[in-house]
Amino acid sequence: MKKRILVFFLILGMMVAMPIIIFPLNRSVEDAQFNLAVELYRKGQYTDSIAEFDRLLTDMRTKKYGDACYFYRGHGYLAMKQYGMAQEQFGHVVESMPGSSYYDRSLYQYGRTQYLRGNYEAAISVFDAYSASYPTLDYADNSLYWKGESLLGLGERERARVAFEDVLHIYPTGNKADAARFKLRLMEIEDELAAREQSFPVEQPLPEGATPEEIVQWQAKEEQYQSEVERLNDQLEQLRAEIDTLREMGELAESEVEARIEERKKALVAWENILKIKEETLTQKELQLDQQFERIQQISTELERIENE
């Protein structure tokens, strides 16, 4: 009888102890799975990382790391430029997990993926929501800056200008202040060059009465000018590509920012130099054409005088 009682209590003890033993084991496996997925993400192995996060969600049905899985998968797809998939991941956190610690960052990235997909109006709506809800968090100035870029994408230059100016006024020491300042300067110069080129068309008709020699000289100067402008435009496009990279500085880790500051300074100097060269070229072009026009007028007047005599 005593043996039966002893066996009963032994079995009862094992039944009570088993869940206590198994639960920490499962939890440690879940933690290890999450750490593996994060480590792969940090190493840039995004496809493998996403697969491991998928296991956490589907096989292990994690609750502890559910929001983190969607957040990291979003960044993995973003790094691979699969913006539609990235938008789905961040959107899931935004729409289904409002209490998540990843919510505010997912909201910002949801706006970014909308921008990257060319959904500018939707992006503006998300950036406005972030700025209104989290005006003091890390991505508040980024949201305002990318709102400006989205407005440019819609062709609303004046509203975009206001957004960039707001970045400087509200977040003068933020990580997007330099980008906004540079963008405003870029817009100013673009407007100035557009106004100059509009007031002085590149192609002008030759006045009647030009001699063959004058025509040849005129055409040679035109070709030289066109060649110079094309070369400068190629350089401008290269700079714009560099600027696109610099605009991402707000998304970089702090360890990368200092190295990019030097690049930004060099890009600014190079940009100003090229614009100065282009302006000088346009001025020289205007002077040359004025001189040619005066010479042709003189020749025409002389020919009329000879004919009248």
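**Two antiparallel helix pairs**

Mentor: In this predicted model, helices α7 and α8 are roughly antiparallel to each other (an angle over 145 degrees). Residues are numbered from 1 along each chain as its sequence is written, and side-chain values use heavy atoms, with hydrogens and water left out. Because the model is predicted, local features need pLDDT of at least 70 and side-chain atom pairs count only at pLDDT 80 or more, while totals for chains, interfaces and linings use all residues.

Trainee: At what angle do the axes of α7 and α8 cross?

Mentor: Axes are lines fitted to C-alpha atoms, for helices over the stretch in contact, and angles run from 0 to 180 degrees between N-to-C directions. Here the axes of α7 (residues 140-153) and α8 (residues 157-170) cross at roughly 165° and come within 7 Å.

Trainee: Is the crossing of α7 and α8 left-handed or right-handed?

Mentor: A crossing is left-handed if the near helix is turned anticlockwise from the far one by less than a right angle, and that of α7 and α8 is left-handed.

Trainee: Which residues of α7 and α8 meet?

Mentor: Contact means heavy atoms within 4.5 Å; L144, Y145 and L151 are among those in α7, and A160, F164 and I170 among those in α8.

Trainee: How do α5 and α6 pack?

Mentor: Helix α5 (residues 103-116) packs on α6 (residues 120-133) at an angle of about 160°, with axes 7 Å apart, which makes α5 roughly antiparallel to α6. Their crossing is left-handed, and the residues that meet include L107 and Y108 in α5 and V126 and F127 in α6.

Methods. Helices (H or I, at least four residues) and strands (E, at least two) are DSSP runs, numbered from the N terminus. Angles under 35 degrees count as roughly parallel, over 145 as roughly antiparallel, 65 to 115 as roughly perpendicular and the rest as oblique.
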